[in-house]
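Subject: Structure for your review

Dear colleague,

I am passing on the structure below, and my notes on it follow directly after. Please read them alongside the coordinates.

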Amino acid sequence: MLEIKDLHACINGKEILKGINLSVKTGEVHAIMGPNGSGKSTLSCVLAGHPAYEVTKGAVTLDGKDLLALSPEDRSREGLFLSFQYPVEIPGVSMVNFMRTAVNEHRKYKGLPALTASEFLKLMRQKREIVELDSKLANRSVNEGFSGGEKKRNEIFQMAMLEPKLSILDETDSGLDIDALRIVAEGVNKLKTPETSCIVITHYQRLLDYIKPDVVHVLYKGRIVKTAGPELALELEEKGYDWIKKELGE
Amino acid sequence: MKAEQQYIDLFTDCEAMICRHSAEALNAPRAKAFADFQRTGFPTRKQERYRYTDVGKYFAPDYGLNLNRLAFPANPYDVFKCDVPNMSTALYFVVNDSFCQTIHPAAPLPEGVLFGSLKEMSERYPEVIRKHYGRLADTSKDALTAFNTMFAQDGVLMYVPRNTVVERPIQLVNMLRADVSFMANRRILVILEDGAQAKLLVCDHAMDDVNFLSTQVIEVFAGAGASFDLYELEETHNSTVRFSNLYVDQQADSRVLLNGMTLHNGTTRNTTEVTLSGKGAQLSLCGMAIADKNEQIDNHTFIDHKAPGCTSNELFKYVLDDQATGAFAGKILVREGAQQTSARQTNRNLCATREAHMYTQPQLEIYADDVKCSHGATVGQLDEAALFYMQQRGISLKEARLLLMFAFVNEVIDNIQIDVLKDRLHHLVEKRFRGELNKCQGCAICK
């Protein structure tokens with residue numbers, strides 16, 4: 001589904017990603033771990049097309065399509081979803097209006113007619129239940145005044161609405177208490193199908209107890225330095241990153 | 001005195017004609033206004049009050065004036081469909097500066113309420129007019145008020161007697177119509193006696209593709225416990241210049257809402273001066289301006305807290321695109337003795353391009369010690385993080401920008417107390433941001 005080849009990217013002239021190679025197959029869940037400042041969030045921003053980052057080398061394809069040639073909105077319409085580490089508050093734009101615009105732009109891209117108001121509200125109701133999002137929140141401005149947990153739940157709610165092929169969860173577990181973490185993780189699992197893939201960026205094993213990865217990668221200094229099965233996450237939890245740094249001869 | 005001279009000459013030559021086609025109460029203050037105008041001339045940008053608008057420049061070109069009061073041939077009810085339909089308003093027209101006397105379909109207003117030609121009302125009720133006309137609009141303090149007082153021959157009187165409630169909003173459409181460059185000087189006098197309640201929507205439209213200059217002076221007297229909403233909506237075109245001076249006096253426990261919205265214009269200068277004369281008066285003063293191309297919008301406000309226990313809430317928002325220029329100068333004066341004043345002023349502005357300019361100048365002058373006052377002004381761009389967030393959800397950059405601009409001005413629209421008007425403005429503002437609103441939409445002549 002996703003093929004990343006020798007990806008280099010920089011921000012303000014500083015190179016952060018220094019040759020990422022990653023292949024995610026349909027139906028797989030990949031976890032990306034790594035110490036602070038290793039480039040995890042940069043990778044998710046670059047994949048989503050954040051304008052502040054410049055790709056200097058490499059290629060990324062999503063189901064064979066050149067992802068880097070697409071605008072951020074077209075990447076979304078092609079099925080790439082990023083759950084933000086820090087979801088943005090947008091005062092004055094209601095969740096309903098925001099989501100209706102997004103869903104209908106996706107439909108337009110696929111050549112489908114826009115949903116009617118009642119169809120849309122019905123869809124909202126259904127999807128809200130997946131992450132137990134309060135209907136009051138859905139009537140407010142996007143993320144405005146939401147607690148940390150509500151913001152993350154809202155991200156997964158949006159994911160449910162847009163039904164992406166590939167979801168990138170950027171530290172979705174940060175700032176969540178145990179209950180919220182469970183609800184969010186269960187939401188992600190409910191949305192999982194054999195046709196969709198997921199990249200989970202996290203610092204902690206805890207989230208991976210709920211969302212079981214097929215492959216775990218360690219990102220360090222802008223490169224993937226280790227790839228293994230789910231047991232790698234447990235090992236990192238226990239031993240930290242120092243042994244990997246040692247393996248790398250640092 | 002270049003721009004002034006032609007008007008001094010015009011007034012000298014035509015004074016008799018101007019007076020002949022007007023009414024005694026309107027003629028009375030002309031001589032003093034003329035003397036004031038001769039003394040001061042048009043304000044220059046060296047004067048703090050007019051720092052952002054070069055008034056003389058706009059008066060220099062030649063404009064036709066209809067001092068001889070030639071009648072307008074067509075019936076505006078036939079040619080004009082307002083952008084704010086189904087308001088179930090009582091609908092009235094002023095064409096250029098003459099009140100349109102054509103019989104209209106509106107249902108009758110409550111007994112005792114007067115709404116009609118200022119000239120005609122001055123003949124029928126000279127006492128009412130004499131008592132109020134020009135009392136707030138001091139010709140010695142503002143040259144444009146002096147100018148308007150010299151030339152205004154007609155306009156509108158709205159009079160609501162004591163404790164009378166006008167349920168339906170009244171709509172007044174100012175239509176500018178001419179075949180050549182044209183100037184209109186109109187006058188609106190609003191009198192709400194104690195306990196009276198009314199809502200007035202005034203829409204400005206330019207119906208022909210010529211240069212227009214309009215001056216307007218509105219005086220509003222809100223009696224004790226009176227309640228008044230005034231919405232002004234400008235939808236003219238790039239060759240229109242508008243100078244509007246609005247003066248309001250509020251007696252004890254009166255409640256006034258003023259909302260001035262500029263959707264489309266050329267150059268606009270709105271001066272709003274409100275005096276809170278009676279204890280416990282409440283004022284909500286808001287404004288919204290959307291400008292692109294070379295449009296200019298200058299709002300100057302002055303709120304005078306004279307009495308104790310009054311509240312004023314002021315909110316102005318601008319969205320400037322292309323090379324548009326906006327200015328906001330808002331002064332709040334809390335006089336000695338005006339204790340327990342609550343005054344809040346907010347001005348927020350969005351500049352969508354590097355060439356758009358915004359000048360903002362909040363001013364607070366406080367001479368009482370037990371007051372709650374605040375002011376805040378910001379000029380910024382659209383939130384990049386929010387734009388990217390929306391794009392990541394599949395919303396195009398263009399649409400995301402629209403959503404943000406729309407959200408920005410919504411706060412002002414949400415202050416509107418007439419639901420149909422609120423809905424309509426949401427729609428109009430959206431169209432405006434989409435670039436689909438180039439001229440007055442409802443105008444049958446333009447199409």
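In chain B, the axes of helix H9 (residues 384-392) and helix H10 (residues 397-413) come within 9 Å and cross at roughly 130 degrees, where axes are lines fitted to C-alpha atoms, for helices over the stretch in contact, and angles run from 0 to 180 degrees between N-to-C directions. H9(B) is therefore oblique to H10(B), given that angles under 35 degrees count as roughly parallel, over 145 as roughly antiparallel, 65 to 115 as roughly perpendicular and the rest as oblique. The crossing of H9(B) past H10(B) is right-handed; a crossing has that name if the near helix is turned clockwise from the far one by less than a right angle, and is left-handed if anticlockwise. On the H9(B) side the contact involves Ala386(B), Leu387(B), Met390(B) and Gln391(B), and on the H10(B) side Leu397(B), Ala400(B), Arg401(B), Leu403(B) and Leu404(B), two residues being in contact if their C-beta atoms, placed from the backbone, lie within 7 Å. These residues divide into seven nonpolar, one polar and one charged (Ala, Val, Leu, Ile, Met, Phe, Trp, Tyr, Cys and Pro count as nonpolar, Asp, Glu, Lys and Arg as charged, and the others, Gly among them, as polar).

Please keep in mind that this is a predicted model, in which local features need pLDDT of at least 70 and side-chain atom pairs count only at pLDDT 80 or more, while totals for chains, interfaces and linings use all residues. Residues are numbered from 1 along each chain as its sequence is written, and chains are lettered from A and ligands numbered from 1 in the order in which they are written.

Chain A has 10 helices and 12 strands, which are DSSP runs numbered from the N terminus (helices H or I, at least four residues; strands E, at least two). Of its 250 residues, 44% are buried, meaning that 20 or more other C-beta atoms lie within 10 Å of a residue's own, with 12 or fewer for exposed, partly exposed in between, and C-beta atoms placed from the backbone.

Within chain A, the axes of helix H4 (residues 117-130) and H6(A) come within 9 Å and cross at roughly 130 degrees, which makes H4(A) oblique to H6(A). The residues that meet are Leu123(A), Lys127(A), Arg128(A) and Ile130(A) from H4(A), with Phe157(A), Ala160(A) and Met161(A) from H6(A); five are nonpolar, none polar and two charged. For H6(A) and helix H7 (residues 178-191) of chain A, the axes come within 10 Å and cross at roughly 5 degrees, so H6(A) is roughly parallel to H7(A). The contact of H6(A) with H7(A) has eight nonpolar, two polar and two charged residues.

Between the chains, 20 residues of chain A are in contact with 17 residues of chain B. Helix H2 (72-77), strand E7 (90-94), helix H3 (95-109) and helix H6 (148-162) of chain A each supply at least two residues of the side that touches chain B, and that side of chain A consists of 11 nonpolar, six polar and three charged residues.

Finally, Ser141(A) lies in strand E8 (residues 141-142) of chain A, and it counts as partly exposed because it has 18 C-beta neighbours inside 10 Å. Ser141(A) and Met95(A) are 46 residues apart in sequence but 5.5 Å apart in space, C-alpha to C-alpha.

Kind regards
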